[in-house]
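Reader: I'm new to this structure. Could you take me through the surroundings of the ligand, and how the ligand is held there?

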Amino acid sequence: MLTMQEIKNHYYFTDTDAELLKELFPLAQSKSDAMVEDFYTYLLKIPETAVFLREPKDLARLKKTHAEWFLSLFCGRYDNEYMLTLQSIGQAHVRIKVSAHYVNAAMNVVRRFLIEMLQANFPDISVRRKYRIAVEKILDINLDIMSTSYQEEELRRVFVSH
Ligand code: HEM
């Protein structure tokens, strides 16, 4: 199993990237309600994902959970504990049987939201580029760790069926 340091190395994720993401925290915080609205508008439009979001009480709790995850992208500390949290987030979706396809597609919604947020707030292209590269790396790392849970579940099923 890879350590978080190895994963970061494979994505050329440096301490500078961590600092850049941390700098974005206040901006991301001010936009987190809007991000969650986009995220849920998207998930509620697709019948296969909307079924997971039926209960209004659950919806408020889940929105909070997804907003907290969004903000954790900008926490500035990406260690083994961070990796374990992402593994357990991946496992939560495997457990309730959200297809990996929708997790990937939802990540694309977050990516687009963040790229537009940077576009609107950093007119200087070289500054914006630094932030965009750091954001892309942390989103890809998140997706990588979460999808490993799906691959592990696939392997488990193959072993159990033989
Ligand atoms: C739970 C993040 C995509 C539905 C969670 C949790 C997090 C999270 C942090 C809490 C996990 C825990 O309690 O340990 C994400 C991220 C996604 C994503 C980062 C992709 C970018 C989706 C999609 C759906 C979904 C596509 C489909 C509707 C849920 C539900 C739960 C949940 C229903 C509650 C699971 C439970 O009750 O155990 N998600 N999520 N998520 N997510 Fe997502």
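Author: Four helices, α3 (25-45), α5 (56-72), α6 (80-96) and α7 (100-121), each supply at least two residues of the shell around the ligand; helices here are DSSP runs of H or I with at least four residues, numbered from the N terminus. This is a predicted model, where local features need pLDDT of at least 70, side-chain atom pairs count only at pLDDT 80 or more, and totals for chains, interfaces and linings use all residues. Residues are numbered from 1 along each chain as its sequence is written, and side-chain values use heavy atoms, with hydrogens and water left out.

The largest share of the shell, 5 residues, comes from α6. In total, 19 residues surround the ligand, and the closest are Leu-62, Thr-65, His-66, Trp-69 and His-93; a residue is near the ligand if one of its heavy atoms lies within 4 Å of it. The shell divides into 14 nonpolar, 4 polar and 1 charged residues, with Ala, Val, Leu, Ile, Met, Phe, Trp, Tyr, Cys and Pro counted as nonpolar, Asp, Glu, Lys and Arg as charged, and the others, Gly among them, as polar.

Now to the metal. The iron atom of the ligand is coordinated by His-66 (NE2) and His-93 (NE2), at 2.0 to 2.2 Å. This pair links distant parts of the chain, as His-66 lies in helix α5 and His-93 in helix α6, 27 residues apart. Donors are N, O and S atoms within 2.8 Å of the metal (3.2 Å for Na, K and Ca); water is not among the atoms, so sites may look incomplete. The iron site is octahedral, with angles of 82 to 178° among its 6 donor atoms; six donors count as octahedral if opposite donors are over 155 degrees apart and all others between 65 and 115.

Key:
Four donors count as tetrahedral if all angles lie between 85 and 135 degrees; four count as square planar and six as octahedral if opposite donors are over 155 degrees apart and all others between 65 and 115; anything else is irregular.
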